[in-house]
4 protein chains.
Amino acid sequence: MTTGLASAQDGIDINERFQQVRKQSLSLVEPLSAEDCALQSMPEASPAKWHLGHTTWFFEQFVLRRYQPDRPWYAEGWDYLFNSYYQSVGPMHARPRRGVLSRPALAEVLAYRQRIEAEVSDLIADRPQDIELSRLITLGLQHEQQHQELLLTDIQHLLWCNPLQPAYRSRPVEPVAGAKGGNELDFVARSEGFAEIGNEGIEFGFDNEFPRHRDWLPAHALGNRLITNGEYRQFIQEGGYRSAALWLSDGWATVQREGWDRPLYWAKDLASSFTLLGEIELDDAAPVCHISFFEADAFARWAGARLPTEQEWEVAAAAQPVRGNFRQRGSLRPLPHQPVRGAVGQLYGDCWEWTASPYVGYPGFKPLAGSLGEYNGKFMCGQWVLRGGSCVSPEDHLRASYRNFFYPADRWQFMGLRLAKDLP
Amino acid sequence: MTTGLASAQDGIDINERFQQVRKQSLSLVEPLSAEDCALQSMPEASPAKWHLGHTTWFFEQFVLRRYQPDRPWYAEGWDYLFNSYYQSVGPMHARPRRGVLSRPALAEVLAYRQRIEAEVSDLIADRPQDIELSRLITLGLQHEQQHQELLLTDIQHLLWCNPLQPAYRSRPVEPVAGAKGGNELDFVARSEGFAEIGNEGIEFGFDNEFPRHRDWLPAHALGNRLITNGEYRQFIQEGGYRSAALWLSDGWATVQREGWDRPLYWAKDLASSFTLLGEIELDDAAPVCHISFFEADAFARWAGARLPTEQEWEVAAAAQPVRGNFRQRGSLRPLPHQPVRGAVGQLYGDCWEWTASPYVGYPGFKPLAGSLGEYNGKFMCGQWVLRGGSCVSPEDHLRASYRNFFYPADRWQFMGLRLAKDLP
Amino acid sequence: MTTGLASAQDGIDINERFQQVRKQSLSLVEPLSAEDCALQSMPEASPAKWHLGHTTWFFEQFVLRRYQPDRPWYAEGWDYLFNSYYQSVGPMHARPRRGVLSRPALAEVLAYRQRIEAEVSDLIADRPQDIELSRLITLGLQHEQQHQELLLTDIQHLLWCNPLQPAYRSRPVEPVAGAKGGNELDFVARSEGFAEIGNEGIEFGFDNEFPRHRDWLPAHALGNRLITNGEYRQFIQEGGYRSAALWLSDGWATVQREGWDRPLYWAKDLASSFTLLGEIELDDAAPVCHISFFEADAFARWAGARLPTEQEWEVAAAAQPVRGNFRQRGSLRPLPHQPVRGAVGQLYGDCWEWTASPYVGYPGFKPLAGSLGEYNGKFMCGQWVLRGGSCVSPEDHLRASYRNFFYPADRWQFMGLRLAKDLP
Amino acid sequence: MTTGLASAQDGIDINERFQQVRKQSLSLVEPLSAEDCALQSMPEASPAKWHLGHTTWFFEQFVLRRYQPDRPWYAEGWDYLFNSYYQSVGPMHARPRRGVLSRPALAEVLAYRQRIEAEVSDLIADRPQDIELSRLITLGLQHEQQHQELLLTDIQHLLWCNPLQPAYRSRPVEPVAGAKGGNELDFVARSEGFAEIGNEGIEFGFDNEFPRHRDWLPAHALGNRLITNGEYRQFIQEGGYRSAALWLSDGWATVQREGWDRPLYWAKDLASSFTLLGEIELDDAAPVCHISFFEADAFARWAGARLPTEQEWEVAAAAQPVRGNFRQRGSLRPLPHQPVRGAVGQLYGDCWEWTASPYVGYPGFKPLAGSLGEYNGKFMCGQWVLRGGSCVSPEDHLRASYRNFFYPADRWQFMGLRLAKDLP
């Protein structure tokens, strides 16, 4: 497996899978108006409509036009509007200006989706044995799933910017998850030794998960769950945001410049936070979320620990099934951990975990050939790896080798932390 | 007349007038989708939906709540959202962030309009002899008319920002306006003497048009029409944007920083420009439009002339009926001048004329009492007076004493220029 | 008088005058080290060394090279370094980067001064009857005097930026100026009528003081002295900086953005301020100084008054001899007013007075011919007129028609205010 | 060795060493005037005077005050001025404002140096067996050597900012270094295996070089010399700066924003560059220098290779003596490589080599205890490791385990690159 594009998942018809993922995207915008879908709250976020268009353009650009080079674009100028950052396929509309596009209208974008879906579906039906096509479709669906998550994180930010604080979805009448007792933080040790890191090439993986390689890991211990709101509030109350000694230099500068004194979305009184369900009371046993790498790192230092490396995380995660509080659970927010004695828990779902690892290529990393090579490789500078997925990640999207990455000051994703420790 | 608020226009029932102006606002958004109405293309512009809400808030804040102090707000938080800059009535949503408000939806804002209109209408009917109410309604309608113009200028900017370049309205099959010959620029002289400047207090006027006062004007001459696209293209082609000597120091700095080399909306080839009707060929005989004060001033210097003072303009305009290419004509763009021998023409409509006058209060100027005092007075710093109205001004809104004002680098309004000269 | 360049002052030999003014510049840097002279504390200020070089370049550029077109520049590249803003004579070193020039060294600049002085002196001796030369020399000396003032205001800012807060000069053992009693603010009335405004052309004047012209002034009253530190502290203590209603819109934005809550150089406790003599106790009877136009305007509104127009000021000042607390007095700070019953006092010296007049050309204004036309005219946008000179202005430099100008947010000059009122 | 502070170098008396290093600092400013020493050309650079003061403060703060807690500061306020970034010992003067400090004068700083040197010298003499003191002195001297290098790189930038382009030192009449033939780029292979990385603790090392640990290195090859000006010019001429595909995303954004099209200090014609010796012709065989990480990375991609990791570099370097073109050689610029068949050459001196390694702590990294813990650890975010030293590094300062680090857009240090390749 050298291309980074694994074959389709066993036992699932690729066309069926295609329909299914595409429909999920639509279902995400059901609670939203055309107006909700057109707005952009900050340069890093995109309008929901743009996500819907861009994921469709991805199929038009990288699938349809590859197999039908003479096929005209669906609509003039849309390739420019919906190209995100692929310099090698042409120029693009500036990202911070995606929020000035009232046209095409949401309805037009939905029609675009339908038409491209029909064409792709026909193409799949026409070429049942085409492995390369199957790989491209899989890549396009993985890509779409990434944007499904972004669509939700971006909408949460947009709604929060509105002083009326509207909810994306009203809160379900659900029982609060389980007993809050018996949830003390524990550490699970692993002695030094070689580890196999990276995607095995059996299931799909992005190019940045390859090549699988051996790495030497020192002895260490991992926290058995994510850090909670209650623990993080204590950090705040004991002066965490006022003590320069706890922070990286760039982190401290950010705290000063931005006036940070709590996680994004937390109310000033540290008692509630804004979520996709509107403003809700903070659950002290649930994982703290929407913190930057700087905050995660400062908390770990305050706690006398450190963040795990991505390799430490992956070794622990590879031993477990991919189960957790993902989007399909419907909570749309991190939930308290249900501890299992002696096990590292909460590895998947709830919120992405900042690691101590800068995002760089693995030894021998090769980006995908051609324009798709811009997918991951060119971002390997200045960002940090996050692992494990979140409560808005599609549950069939994650895996132990999955590498997410963001800038250290980013907070609007569902980001939290787990502690780790060196062992002698 | 000391308050700056004249009585309602003679012969028109105030309630009828109220209905009429309010309906015009609605008609302006007819060609637009809810998405079009929600977006903001730059900090200086506002979404169309916000204009609709703000002009309604103005009646709720300054009319309904004045007469019914215990009346609750129509909806919680909307006073915060739709307050523009009235610090004395409370805090407000930041202007550059009006484009993150997907809620209230356009439909909700339209319902808000209906309800407030009904209440105001009832109030007027209840108090037929209340002069003060009548003055407030008139002020509110004049205010609404100002926002009608802004709505159109802001939409033009938004549509232009979209690479698809959609038109606000398709172009009518209209005959091009008249012969282009016989339109040479001419100057009309006036000898020195006293002039009466400012609103007489018979018709409505904003506080900044008062008090009417005498002023001494030196001998001068005014151009008989606005400067045309053809003349302005010559300025460009002869190096106008590359010759520092023609520019004010701040203007030259702006040209360098922004890379200006032509009016806003002009195509690079100087042959066409973006308008509310989409991209159309430049008519060499039509007035140049969408230029800053800096550009108007540089052109005048290049032409061996200067801009008129606002007093010089007003004296000429006061002698003429208020007629011209206003919004009701439907052209939605400046049109060529139809010359009349010996007369200063094109004073009203087509485009606002930059004057050589910084925007300050007249001698003895007093802002309106109370919060409405924030309407005009606090902007008397750093801006320049424009006169005459434009092709998107409501035709029953203008008058000889009307003072518009913008920053010298602003270009997105319909702004052009007329030349003037000193006489010995 | 059409050129704006008056003849040399009667009774003073031009060469003697030249020597005298040039020596004054040198005496100003006597208390300073080469290091003090090389630094720049903000983009608006210049190093002392640059002032010394630029005023010399002015003579080399506009005098020597005019009479000796083939004369080589004194040193290669210095014309680029010491040109301030004369685009028409060539490109220039960027103003905010004047503080990166350690070379030429101060000693080299002093040698440059000597050499150019000798050449100019010879030229004057060679052409005793050359009126044009005499005018240019006079312009150069007026220009140098302006920079003498700037050198002191810029040094005060630089020393203040240093946490060690060094003084430019140690404080003399001087008696505090007079009794502080009997200094109540009074207003002196003038009825409406024509006024002759502008330089008569007998003594020197800059182009912006011409042409002298008649203007119609409404009835008004002027405060008999400048506003004091004591009065200004009261404004602060009664919430002046926290009340949006008192401020121009741009002023309020500046207050918020910059966090202003007192004049520049005032200590947080409002009891002392930094001066050229180091930190000294605030004298409640002395004029408030180092305030912006925004602050002056807000104070006036708070006091129920307004700022005078420059015409109102000039009419009052023209009736008085040019006497006051100028640089030659040696106080280097504003001093309390010595009232004279019924007279408008403190018109000259102490600190420049912000007026209500935007800086524009007088009717019929023509800049100087050629490159010197860039001296004043191109700054006629966005700035406000100040009148009267300050405690660091050379006393033989001021006159009733003298117009200074700065941006409304500038504070580092010696700037204060006087009140005015409309009369019915 | 757990503290990160190794004992003094064997065979050299610590006091003698102290005198020697301190004198070297003084010798660096001999060609400079007090004015040269006071200026700051950009926020990242510091005035030479500040470097002299700060390195002295380091001894006062971390040595003298530790052993003599009641000793008063040498001068009031200097601890504030000369603290660089040690938040835990108190507040500090803002780094971008170091260029507004004309006081203390250079002469005062030199006197400060003398006095502190005398005190430290006495302390060393008084405590001959104090290992901890000896370690602190060693740390202080290593610190001072780092600033010696910065002083030169900062002065080069300052002189370059001056349009007169003065040289720091005139160019010696030296023979150009050797024949330019026979210098083809070659790669030297190493098979996979464990490597011992980090400082052994025999000689001094900063905390970031510890703990020494084993790491697994894949098979790879290293270029036998640095990339040359000639090779880099080819990259430019073949469109390197215009091809987005070669660049990291943040790098491409930087290229666009800054308008980069060649290394810092290179002339537009790519034929010469500014150096400490003034403008000199580019030697095609000498290493390219003053490029950012982004440029190094893009070049490597263009060349079909990559940058070495810091571990790959260290393994190669540890096998060689620390010899090369350091400051003591006096060239003050990178020189051509003298190849040795089959060897990886030019590892030390000439210019720092950007590596493919983000700057983070080694497994088990612990910062120094107390305030000195701020020395290195808090910068472990967003920067990249450079190795090997440069032509302005003190020759007795470098070692195989030495880790330098800068932001990926920094260019004003002497920074170049070496290629590496994966081996199967």
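Biologist: Which residue does A221(A) stand opposite in strand 11 of chain A?

Modeller: This is a predicted model, so take every value as computed from it. Strand 4 (residues 220-223) of chain A and strand 11 of chain A pair in the antiparallel sense, over 3 bridges. Within that pairing, the residue opposite A221(A) is K421(A).

Biologist: Which strands stand at the edges of that sheet in chain A?

Modeller: The sheet is open, with 3 strands in the order 1-4-11 and antiparallel pairing. Each edge strand has a single partner strand, so one side of each is left without a neighbour in the sheet. The edge strands of chain A are strand 1 (187-190) and strand 11 (420-422).

Biologist: Which residue of strand 4 of chain C stands opposite A189(C)?

Modeller: Strand 1 of chain C pairs with strand 4 (residues 220-223) of chain C. The pairing is antiparallel and covers 4 bridges. Opposite A189(C) stands A221(C).

Biologist: Is helix 9 of chain A largely enclosed or left open, and how many of its residues are buried?

Modeller: Helix 9 covers residues 293-302 of chain A, 10 residues in total. Among its buried residues are F293(A), E295(A), D297(A) and R301(A). The helix is largely enclosed by the rest of the structure, because the number of buried residues is 9.

Biologist: Which elements do those buried residues pack against?

Modeller: The buried set also includes F294(A), A296(A), A298(A), F299(A) and A300(A). The packing partners belong to chain A. They are helix 7 (229-237), helix 8 (249-258), strand 7 (352-358) and strand 8 (384-387).

Biologist: Which residue with positive phi follows helix 9 of chain A?

Modeller: The phi of this residue is near 70 degrees. The residue is G304(A).

Biologist: Which element gives the most to the side of domain 1 of chain A that touches domain 2 of chain A?

Modeller: The domain assignment of chain A gives domain 1 (14-161) and domain 2 (187-422). Their centres, taken over C-alpha atoms, are 27 Å apart. The contact takes 18 residues from domain 1 and 14 residues from domain 2. With 10 residues, the element that gives the most to the domain 1 side is helix 6 (residues 131-161) of chain A.

Biologist: How many residues on that side of domain 1 of chain A are charged?

Modeller: The side of domain 1 that touches domain 2 has 7 nonpolar residues and 10 polar ones. The charged count is 1.

Biologist: What kind of axis relates chains A and B?

Modeller: A rotation of 180 degrees superposes chain A on chain B, with 0.0 Å of shift along the axis and an RMSD of 0.0 Å. The copies are thus related as by a two-fold rotation axis.

Biologist: Which residue of chain D has the C-alpha nearest the axis?

Modeller: Chain D is laid on chain C by a turn of 180 degrees and a shift of 0.0 Å along the axis. The RMSD is 0.0 Å. The C-alpha in question is 2.5 Å from the axis, and its residue is E35(D).

Biologist: Which element gives the largest share of the side of chain D that touches chain C?

Modeller: The contact takes 25 residues from chain D and 25 residues from chain C. Helix 2 (34-38), helix 4 (78-82) and helix 6 (131-161) of chain D each give two or more residues to the chain D side. That side divides into 14 nonpolar, 7 polar and 4 charged residues. The largest share, 4 residues, comes from helix 2 of chain D.

Biologist: Does Y265(C) count as buried or partly exposed?

Modeller: Y265(C) sits in the loop between helix 8 (249-258) and strand 5 (272-275) of chain C. Beyond its neighbours within four places in sequence, Y265(C) is in contact with W160(C), S273(C), F274(C) and H290(C). Burial needs 20 or more other C-beta atoms within 10 Å. Y265(C) has 17 C-beta neighbours inside 10 Å, so it counts as partly exposed.

Conventions. Residues numbered from 1 in each chain as written. Chains lettered and ligands numbered in written order. Predicted model: local features only at pLDDT ≥ 70, side-chain atom pairs only at ≥ 80, totals over all residues. Least-squares fit on C-alpha atoms with pLDDT ≥ 70 in both. Buried ≥ 20, exposed ≤ 12 C-beta atoms within 10 Å, placed from the backbone. Contact = placed C-beta atoms within 7 Å. Nonpolar A, V, L, I, M, F, W, Y, C, P; charged D, E, K, R; others polar. Pairing = 2+ DSSP bridges. Domains from an automatic or database assignment.
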